[in-house]
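Me: I would like to go through this chain with you. Could we begin with the fold and then turn to the details?

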Amino acid sequence: QFYKKNMDSAKKDKLHLAEGLKRINFDVTKDKLFVKMWRNHLSKGHSAVGTFGIGNKLSEMAEAQGNSSLAIGLMERYSTKDGSIKDILDTQDYFSTKHREFAELGKKEDWVLIDLRPFNEKFFYSPNEMSTSIYKMMTRYDMLVIPKADAAATPN
């Protein structure tokens, strides 16, 4: 059932996007758009759940107009809970452990920004082998952000 649910959800998201852009008279030839959503919705190409979502639609729309898009994925490494810093790699968090090569680059005190774009030619047009994790990140995102240790939000 998850496959069908995800496909239906992606379709609905794209319809909502089209309706919203029409409502605000968005001009794809000159207007700029910033969208903040969960990383699966904004990946280029296939998302981790096999859908072509909002990120892919926006990427294709921009390219069709001779413009560009920038897909930024976010992954966590450290979090603060009950006054102590937890390393997500010490847990069974599916995403971070599956993409350990990137999660390991996270730092407790500093934000990390990884620009994946310069690596495309090196990995895709050379005999170098790449892991499934690196391949998936490079095909889904242009950049990856790993925030410093973060705490849960508190209401004002």
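**Contacts, fold and an aromatic pair**

Reply: In this predicted model, residues 24 or more positions apart account for 65% of the contacts with a separation of 6 or more.

Me: How many helices and strands are there in the chain?

Reply: The chain has six helices and six strands. From the N terminus on, their order is α-α-β-β-β-α-α-β-α-α-β-β.

Me: And what does the C-alpha trace span along its principal axes?

Reply: The C-alpha trace spans about 50 × 45 × 35 Å.

Me: Now the surface. What percentage of the residues count as buried, and what area does the chain expose?

Reply: Of the 156 residues, 33% count as buried. The chain exposes about 11,000 Å², and carbon and sulfur atoms supply 53% of that area.

Me: What about charges: how far apart are the mean positions of the positive and negative ones?

Reply: There are 25 positive and 21 negative charges, and their mean positions are 5 Å apart.

Me: Changing topic, how many aromatic pairs does a search of the whole structure find?

Reply: The search finds one aromatic pair. F119 and F123 form this pair, with 6.3 Å centre to centre and 45 degrees between the planes, so the pair is tilted.

Me: Where do F119 and F123 lie?

Reply: Both lie in helix α5, which covers residues 119-124. F119 and F123 are four residues apart, about one turn of the helix.

Me: Why does F119 count as partly exposed?

Reply: F119 counts as partly exposed because its relative accessibility is 39%, and that class lies between the cut-offs of 20% and 50%.

Definitions and conventions
Residues numbered from 1 in each chain as written. Predicted model: local features only at pLDDT ≥ 70, side-chain atom pairs only at ≥ 80, totals over all residues. Heavy atoms only, no water. Helix = DSSP H or I, 4+ residues; strand = E, 2+ residues; numbered from the N terminus. Buried < 20%, exposed > 50% of the residue type's maximum accessible area, 1.4 Å probe, protein only. Contact = heavy atoms within 4.5 Å. Areas by Shrake-Rupley, 256 points an atom, 1.4 Å probe, with all protein chains shown as cover. Lys, Arg positive; Asp, Glu negative; His and termini not counted. Charge placed at Lys NZ, Arg CZ, Asp CG, Glu CD. Phe/Tyr/Trp six-rings, centres within 6.5 Å; stacked < 30°, edge-to-face > 60°.
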